[in-house]
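Hi there,

Here is the structure I promised to pass on to you. Have a look at it first, and then read my notes below.

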Amino acid sequence: GTEFTAEASADGMSWFGVLSGEIEVHRDGIQAPQRLGKGEMLSLEAGRQQVIVRVERGDETVAFRFPTI
């Protein structure tokens, strides 16, 4: 199963976090959804110029590398 959190504030800021499994985030105007896995989070800021922040799960090694950074 999948466990996730989702929150939206009155100003339009939204957060999605994955506790287990994975989710797909679909956004207006973007054809390909973003897939988030366990330990990842995505925040979206409302407005014409969207600000998107994605927090990825590290590789859990001593070096603690991130997949796309």
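What percentage of the 69 residues of the chain count as buried? The figure is 22%, where buried means under 20% relative accessible area, exposed means over 50%, and partly exposed lies in between (1.4 Å probe, protein chains only).

Before you go further, please note that this is a predicted model, in which local features need pLDDT of at least 70, side-chain atom pairs count only at pLDDT 80 or more, and totals for chains, interfaces and linings use all residues. Residues are numbered from 1 along each chain as its sequence is written, and side-chain values use heavy atoms, with hydrogens and water left out.

How confident was the predictor? The score here is pLDDT, the predictor's confidence in each residue, from 0 to 100. The chain averages 80, and 78% of the residues score at least 70. Where pLDDT is low, the predicted coordinates should not be read in detail.

Now the layout. The chain has six strands and zero helices; both are DSSP runs numbered from the N terminus, with helices being H or I of at least four residues and strands E of at least two.

Next, the inside. The largest nonpolar core is made of six residues: V18, I23, V25, L36, L42 and L44. Such a core is a set of buried Ala, Val, Leu, Ile, Met, Phe, Trp, Tyr and Cys residues joined through side-chain atoms within 4.5 Å. Leaving out residues up to four places away in sequence, V25 touches P33, Q34, L36 and L42; contact means heavy atoms within 4.5 Å.

S14 sits in strand β2 and is buried, because its relative accessible area is 16%. Beyond the residues up to four places away in sequence, S14 touches E7, A8, L42, S43 and L44. G21, in the loop between β2 (14-20) and β3, is partly exposed, because its relative accessible area is 36%. Apart from neighbours within four places in sequence, G21 is in contact with G1, T2, L36, G37 and K38. G21 and F4 are 17 residues apart in sequence and 8.3 Å apart in space, C-alpha to C-alpha.

Enjoy exploring!

Best wishes
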